[in-house]
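I am opening my notebook to write down what I looked up, one place at a time.

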Protein chains: 2
Amino acid sequence: LDFEVLILGCNSALAAHGRHPTAQLLRHHNKLFLIDCGEGTQMQLQKFKAKPFKIEQIFISHLHGDHYFGLIGLITTYHLLQRKTPLTVFGPKALEPIIRLQLEVANTSLCYELRFVATQTSSKELIYEDELLKVYSFPLYHRIPCTGYLFEEKKQLRKINKEKTKDLTLNPELYAQLRRGEDILDEDGVFHSNESLTLDVPAARKYAYCTDTMYSPSILEYIEHVNLLYHEATFMNDAQERAQQTFHSTTGQAGLMASNAHVQKLIIGHFSSKYIDLKPLLNESQQVFQNTELAEEGRIYLIE
Amino acid sequence: LDFEVLILGCNSALAAHGRHPTAQLLRHHNKLFLIDCGEGTQMQLQKFKAKPFKIEQIFISHLHGDHYFGLIGLITTYHLLQRKTPLTVFGPKALEPIIRLQLEVANTSLCYELRFVATQTSSKELIYEDELLKVYSFPLYHRIPCTGYLFEEKKQLRKINKEKTKDLTLNPELYAQLRRGEDILDEDGVFHSNESLTLDVPAARKYAYCTDTMYSPSILEYIEHVNLLYHEATFMNDAQERAQQTFHSTTGQAGLMASNAHVQKLIIGHFSSKYIDLKPLLNESQQVFQNTELAEEGRIYLIE
């Protein structure tokens with residue numbers, strides 16, 4: 001319940017059939033991260049009663065409009081509502097001048113600090129880190145430069161089993177070694193395996209976001225073993241050629257990525273407007289990777 | 001029924017209380033004109049089942065985001081849906097580079113022709129004309145350059161009263177003079193007043209759009225005697241000082257403009273998000289100008 005993603009928009013290209021362009025809100029403990037920001041994202045945040053002021057980092061995948069046209073509106077709204085805390089936007093280098101230009105013509109001098117961090121598409125890169133979480137960008141394969149994002153919990157320190165350590169003489173450094181998962185020699189020189197003196201903690205969890213991209217096994221290394229993978233499935237299998245031409249993926253290809261990356265669960269999204277009923281897309285994906293779900297706006301998916 | 005305006009967004013600054021940023025769709029006979037284009041306008045067009053492909057001219061008042069952040073999305077959607085007909089956008093000069101830059105970073109080469117016509121704020125100017133209608137821009141008084149728009153029907157030619165002309169000898173030039181409203185000498189040299197040989201036609205109608213602007217009587221000359229005036233009323237009367245500071249108008253000032261310009265009817269809009277219930281705004285405006293209505297999204301107002 002402390003690591004979850006709310007889908008704000010799951011359609012590709014344009015709004016249709018009540019579906020909106022791409023945006024999602026990731027929560028990790030008390031922090032909120034916005035991933036992509038299609039037109040109308042601020043209205044979707046309102047609609048689903050999210051707390052937009054708690055967002056301090058925004059991650060933009062690429063500069064097709066359905067992934068960022070809502071950003072300037074959100075930035076401006078923060079200003080009108082007198083935001084104080086800094087906001088950092090991660091995304092392609094060309095994003096900053098677009099935003100700055102629009103602020104300039106409006107004669108708007110923001111009342112809060114707006115920082116941009118440029119992403120690159122040559123390799124995986126650690127771009128954000130806090131006490132509990134690391135965020136990496138990694139290259140995707142689209143018509144214009146595009147990155148996926150990996151949200152990875154830091155490994156928690158192991159818990160000391162007080163029952164087992166109470167009769168031992170352990171200095172603070174030995175406790176620290178135990179918490180880091182190391183075996184130790186105690187102050188009397190006696191060996192203790194880590195497992196004998198510590199308790200398991202929940203495994204570190206990972207969420208990977210892959211849109212927009214054509215099918216490419218070279219992405220697998222970035223998303224291996226994630227607990228939850230969001231992967232685009234713009235088209236059904238019978239449009240595989242069209243997917244290739246437009247640098248998008250099919251339902252089957254999304255399933256294949258999930259299967260080959262050994263992920264626990266897959267959400268497919270970024271649906272073409274030509275599909276009104278999405279059940280057939282789910283079925284196709286599930287034939288390759290059973291634990292698949294459709295992205296649905298307003299729904300929260302746990303990362304567990 | 002052949003000259004009407006559909007309100008798509010009536011809120012100022014940001015979306016709130018179910019109200020959207022500014023946009024409206026003007027219909028004159030079979031032509032549709034979009035006036036301003038706040039974020040989410042394309043969704044509002046969908047919601048109210050308008051026909052966005054019939055829009056060939058878009059008029060942007062100024063470059064505060066609540067009046068144009070939806071434009072790039074609409075332009076892109078037209079491309080994705082393979083629009084063929086040219087689109088002309090009227091607005092401040094700085095608008096074109098913003099749009100071109102965003103198309104460029106998306107590597108989008110539009111499949112239709114997109115033209116920009118720059119507005120200026122020094123004087124009234126005829127910027128568009130078709131067989132039935134003329135559109136003028138005129139200066140408003142806001143924090144950044146801003147124009148209002150006047151949509152004025154061309155004077156219709158008078159109708160020949162066939163009953164009265166059937167026994168006269170009139171060549172085509174004489175008929176043309178009659179249609180233009182002139183008195184004539186017939187081919188026998190006999191004088192005929194225009195009224196004696198022609199029938200009245202409906203008077204030319206006018207719609208004026210005034211937002212955003214502070215109260216300024218210098219605007220009156222541009223909007224005199226219009227059938228319908230849309231005028232911003234961002235604040236109530238008790239916030240007159242705040243209105244002045246932010247270059248906006250109050251409900252009373254909007255009413256005063258309508259009264260002094262001798263318009264037939266006033267719609268107030270561009271409401272501050274601080275007002276949830278709009279009835280008090282209507283009351284204040286009606287105390288100055290009785291025939292006032294609130295802008296309501298999804299509602300069509302006739303220009304008659």
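Is C37(A) buried or exposed? I kept in mind that this is a predicted model, and I found that C37(A) is buried, because its relative accessible area is 0%, which falls under the 20% limit for that word. I placed C37(A) in strand β3, which covers residues 31–37 of chain A. Leaving out residues up to four places away in sequence, I listed what C37(A) touches, and the list includes T22(A), A23(A), I60(A), H67(A) and L74(A). For C37(A) and L74(A) I noted a separation of 37 residues in sequence and a C-alpha to C-alpha distance of 8.6 Å in space.

Next I turned to H231(A), which sits in strand β15, residues 228–232 of chain A. I wrote H231(A) down as buried, because its relative accessible area is 1%. Among the residues that H231(A) touches, again not counting those up to four places away in sequence, are C210(A), S249(A), M257(A) and I268(A).

I found L81(A) in the loop between α2 (71–80) and β5 (87–91) of chain A, and I counted L81(A) as partly exposed because its relative accessibility is 46%.

I recorded the crossing of α9(A) and α10(A) as right-handed. Where they meet, α9(A) contributes residues including G252(A), G255(A) and S259(A), while α10(A) contributes residues including L281(A) and V288(A).

Note on methods: Residues are numbered from 1 along each chain as its sequence is written. Chains are lettered from A and ligands numbered from 1 in the order in which they are written. This is a predicted model: local features need pLDDT of at least 70, side-chain atom pairs count only at pLDDT 80 or more; totals for chains, interfaces and linings use all residues. Side-chain values use heavy atoms; hydrogens and water are left out. Helices (H or I, at least four residues) and strands (E, at least two) are DSSP runs, numbered from the N terminus. Buried means under 20% relative accessible area, exposed over 50%, partly exposed in between (1.4 Å probe, protein chains only). A crossing is left-handed if the near helix is turned anticlockwise from the far one by less than a right angle, and right-handed if clockwise. Contact means heavy atoms within 4.5 Å.
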